[in-house]
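Hello,

Here is the structure for your files. My notes follow below.

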Amino acid sequence: MNHDHYMSRCFDLARLGAGRVSPNPMVGAVLVHQGRIIGEGWHMKYGEAHAEVNALKNVFPEDRHLIEKSTLYVSLEPCCIHGKTPPCTNLILENKIKKVVISCIDQTPGVKGGGVAVLQRAGVEVIHGVMEDKGKEISAFRNTFTAKKRPFVQLKFAQTKNGFMGQRGRQVWISNLFTKRLAHQLRSESDAILIGKNTALADGPKLTNRLWFGHSPLRIVLDKNLDIPAGNPVFGEGARTWVVTEKTPPAGLPPNCIFQKIKFDENLLPNLLAKLFENKVTSLIVEGGAYTLQQFVGQGLWDEALVFTGNKTLESGIAAPKIPGQIIKEWPVAGDLVSLYRRRPF
């Protein structure tokens, strides 16, 4: 049996939950009987049925007698603890499934190999590690969140062909409309997006998702002395905004603004990430400016970086950060070049 083929299908299904399941992981599941998929499903929304439940639910009545003779493929280890829903290991045992193939282990405390152990003790044949690198990539938000107790941090910025990301005091468009749409897709799949004060003042970004399907992330702006005026678009409708500051908040800002008082010292970013962890924010895009991005790079508080290199140059300006990680993938988008960096393997 071609395990990779069915696991790839699990990954495709899992991605359908992007932006909808946090703080849970994206998971896909496929039930196979003698080379035929008889049921498949994915985790669609946080608090609702897991992928394994949906895969079994989607088996046609005339095929239900085949369930106990089938192999269940899952992109992530089935849970063995009771959260918003009952443990999926119980469901597998109740349906007398005798073989389960898993891509990677769930790093959630209380699971982390426990699901495999429960199944094996009950006599289920378990194979794990199938396309494991890809499985870890799909589950990176959740596994980073649970293992490191902070969100998965993705840096994102555009730079010119000669390495500038803008000019001080004015807005400069570098990437094209197609890469802009890609940036909005990333927003739809992430829990939060962060900028510094200077970016808010110079660019006036809304930081909402307007060019893709799905939600807008929580907006976070670093504003030590509350210099951003109340009418700035970052405080506009369409999403909540955290204002991270050292000052006492003024009256009159919109109700969607939440103030987080954190000292702006060497522990600012670790303390902010810890606060996000407490609020179950599993993924964070850091979008600028150059100083803010460099602080995350310098402190090693990042996991991936997406760099959009536009097809233009500037004679002078703000130098783009240097990303020390390894380029995993590069691809063209209508004249721009997108480079994906990764700090370390998942």
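Nine strands make an open sheet of mixed pairing, ordered β11-β10-β9-β8-β12-β6-β13-β16-β15. Strands are DSSP E runs of at least two residues, helices H or I runs of at least four, both numbered from the N terminus. Two strands pair if DSSP finds at least two bridges between them. β11 (257-261) and β15 (326-333) are the edge strands, each pairing on one side only. Neighbouring strands are turned by 20° against each other on average, direction ignored. Axes are lines fitted to C-alpha atoms, for helices over the stretch in contact; angles run from 0 to 180 degrees between N-to-C directions.

The model is predicted: local features need pLDDT of at least 70, side-chain atom pairs pLDDT 80 or more, while totals for chains, interfaces and linings use all residues. Residues count from 1 along each chain as its sequence is written, and side-chain values use heavy atoms, without hydrogens and water.

β6 (152-159) and β13 (304-309) pair in the parallel sense over six bridges. A158 stands opposite F308 in β13. Helix α7 (177-188) packs on the sheet and touches β6, β8, β12, β13, β15 and β16. The direction of α7 makes about 160° with that of β13. Helix α9 (268-278) also packs on the sheet, with β10 and β11 among the strands it touches. Contact means heavy atoms within 4.5 Å.

N256 sits in the loop between β10 and β11. Is N256 buried or exposed? It counts as buried because its relative accessibility is 17%; the cut-offs are under 20% for buried and over 50% for exposed, partly exposed in between (1.4 Å probe, protein chains only). The N256 side chain reaches the backbone oxygen of A239 at 2.8 Å.

Best regards

Terms used. Polar contact = N/O pair within 3.5 Å; in protein donor to acceptor, adjacent residues only side chain to side chain.
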